[in-house]
Amino acid sequence: SLELERIYVLNEFQGKQIGKWMLEQVKILAKEKKKTFVWLGVWEHNTKAIAFYEMYGFHKFGTHPYFIGKDKQSDWLMRCDIV
């Protein structure tokens with residue numbers, strides 16, 4: 001597998017297909033490296049990001065807790081199979 005650790009697009013550049021292009025490049029790289037899927041973690045309350053990833057073939061396969069100070073947060077683990 002290949003982990004996508006960070007993907008950020010500044011607000012003024014959102015809606016210009018930059019995120020889509022980045023995901024396509026990651027999928028190309030994963031395929032070249034003979035990986036079977038790409039996965040990432042996204043904060044469970046980031047509905048905009050979750051919808052974006054789902055639109056491009058990612059689905060939830062688990063969760064992962066983490067802490068910001070003493071505040072327990074949860075990431076959705078999402079994956080996209082490479083075919």
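This is a predicted model: local features need pLDDT of at least 70, side-chain atom pairs count only at pLDDT 80 or more; totals for chains, interfaces and linings use all residues.
Let me start with Ser74, which counts as buried at a relative accessibility of 15%, where buried means under 20% relative accessible area, exposed means over 50%, and partly exposed is in between, using a 1.4 Å probe and protein chains only. Residues are numbered from 1 along each chain as its sequence is written, and side-chain values use heavy atoms, with hydrogens and water left out.

Ser74 sits in strand 4, residues 71-81; helices (H or I, at least four residues) and strands (E, at least two) are DSSP runs, numbered from the N terminus. Setting aside residues up to four places away in sequence, Ser74 touches Val42, Trp43, Glu44, Thr63, His64, Pro65 and Tyr66, a contact being heavy atoms within 4.5 Å.

Gln73, also in strand 4, counts as buried as well, because its relative accessibility is 14%. Which side chains does Gln73 meet in polar contacts? One is that of Trp43, at 2.6 Å, and another is that of Asp71, at 2.4 Å; a polar contact here is a pair of N or O atoms within 3.5 Å, where within protein one must be able to donate a hydrogen and the other to accept it, and residues adjacent in sequence count only if both atoms are side-chain atoms. Beyond four places in sequence, the contacts of Gln73 are Trp43, His64, Pro65, Tyr66 and Ile68, and Gln73 is the bridge partner of Tyr66 in strand 4.

That bridge brings me to the pairing of the strands. Strand 3, residues 59-68, runs antiparallel to strand 4 over nine bridges, and two strands pair if DSSP finds at least two bridges between them. Their hairpin has two residues between the strands, and in it Gly69 takes a positive phi near 65 degrees.

Val42, leaving aside neighbours within four places, is in contact with Ala49, Ile50, Tyr53, Ser74, Asp75, Trp76 and Met78, which returns us to the serine where I began.

In helix 1, the buried residues are Gly19, Leu23, Val26 and Ala30. Seen down the axis of helix 1, these buried residues fall within an arc of 60 degrees, so they line one face, the arc being that of the directions from the helix axis to the C-beta atoms. They pack against strand 1 (2-3), strand 2 and helix 2, whereas the face turned away from the buried side carries the exposed residues Lys31 and Glu32.

Finally, two loop residues deserve a look. Gln17, in the loop between strand 1 and helix 1, has a positive phi of about 70 degrees although it is not a glycine, and is partly exposed at 47% relative accessible area. Lys34, in the loop between helix 1 and strand 2, has a positive phi near 60 degrees, again in a residue other than glycine, and is exposed at 73%.
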